[in-house]
Amino acid sequence: MIKKFLSDLFFSALTHIKYYKCLSGLNVIIRKSSVLGQKIRIDAKVRLYNSIIHDNINVYSNTSIHDVILNGYNKIGKGCSISNSDIGRYSYIADRSNVNNVELGKFCSIGPNFTAGLGTHPTDTISSSPYFYSVAALNNPFIKDNAGFVEYKRIKIGNDVWIGANVLVVDGVEIGNGAIIGAGSVVTKNIPAYAIAGGVPCKVIKYRHNDIVMQKLIDLSWWDNDEDWIRINIKKFQVAISEDINI
C-alpha cells in the first residue's frame, strides 16, 4: 500500500513536470504514452497508460485510459474507464462509461453509463466459471492458458453512431454506420447501418432514411473527408435530407 502510494506520488510529480501545459487538475499520472498535438486538457485524477492521444482532447476527472488511441477532437467524460480501444476522430464518450476492446468510428456520440466489452463466458461446458478457461481469473490455480476459449471479442461501432444513456453492448457485436441505439438498450446482435434500434434485447425499430438515401450516404462515406470539405458543406448537414442529396 505504501509502495503504491509512493510510486503514484513519484509518477504524478513527473507527469506535472513534463505535461504541465496540458493539465488542469492535480494527481494526474501519464506513463508510457504519447501526448501529441495542441489543445489537450486533462483534468484531476486521470490515469493515462500506454496510450496515444492526438490534438484537441478533453479528458475529464477520475478517468482511467489504458492502451487506447484517441485520434483527435475527442471528449472522455468523468469517471470513465477506457481500455484496449481505438476512438475515432470527433467522437465523444460521456460520463461513467466502461469501454473495453472497442473500435469506435468517427463522429460518434456515446451517452453516459455506456458499457461495452465486459467479456463473455462459455455456456456449453460443465461450468461457466472463468476459473476453467481464463488465466486472468484472480489467482487461478487450475490453468496456465485460456484453453482455446475467446473471452473478449472485438466490438466494432461504425461512424456517425449515436448511442443513448445506459446502453450495454456485448462482446463481438458490430453496429453499422449512422445507427441510433435507444437509451437503456442491451445490444446482443449486430445492428445494420442507419437503423434506429432499442429495447432489451435491442431490435431494429425502423431506419433513419429510405433505401436510396441510405445507399447514397454509404457510398459517400462523408466522415472520411477532410475538415475543409466539411466546412464547405456544413449547411447541408443542418437540414433534413432528401433523395436528391447533392454533396
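A salt bridge is defined here as a side-chain nitrogen of Lys or Arg within 4 Å of a carboxyl oxygen of Asp or Glu. The model is predicted, so local features need pLDDT of at least 70 and side-chain atom pairs count only at pLDDT 80 or more, whereas totals for chains, interfaces and linings use all residues. Residues are numbered from 1 along each chain as its sequence is written, and side-chain values use heavy atoms, with hydrogens and water left out.

Under this criterion, seven salt bridges are counted. One of them joins Arg 41 and Asp 43, with an N to O distance of 2.9 Å. Asp 43 is buried, at 8% relative accessibility, and Arg 41 is partly exposed, at 39% (buried: under 20% relative accessible area; exposed: over 50%; partly exposed: in between; 1.4 Å probe, protein chains only).

A salt bridge also links Asp 55 to Arg 89, whose closest N and O atoms are 3.2 Å apart. Because Asp 55 lies in the loop between strands S5 (52–53) and S6 (57–59), and Arg 89 in the loop between strands S9 (81–87) and S10 (92–93), this pair ties together parts 34 residues apart in sequence. Helices (H or I, at least four residues) and strands (E, at least two) are DSSP runs, numbered from the N terminus. Arg 89 is partly exposed, with a relative accessible area of 23%.

Asp 160 and Arg 208 form a salt bridge, their closest N and O atoms being 3.6 Å apart. Arg 208 lies in the loop between strand S22 (203–207) and helix H2 (211–220), and Asp 160 in the loop between strands S15 (155–157) and S16 (162–163), so parts 48 residues apart in sequence are tied together. Arg 208 is partly exposed, at 33% relative accessible area. Through shared partners, salt bridges join Asp 55, Arg 89, Glu 227, Asp 228 and Arg 231 into one network.
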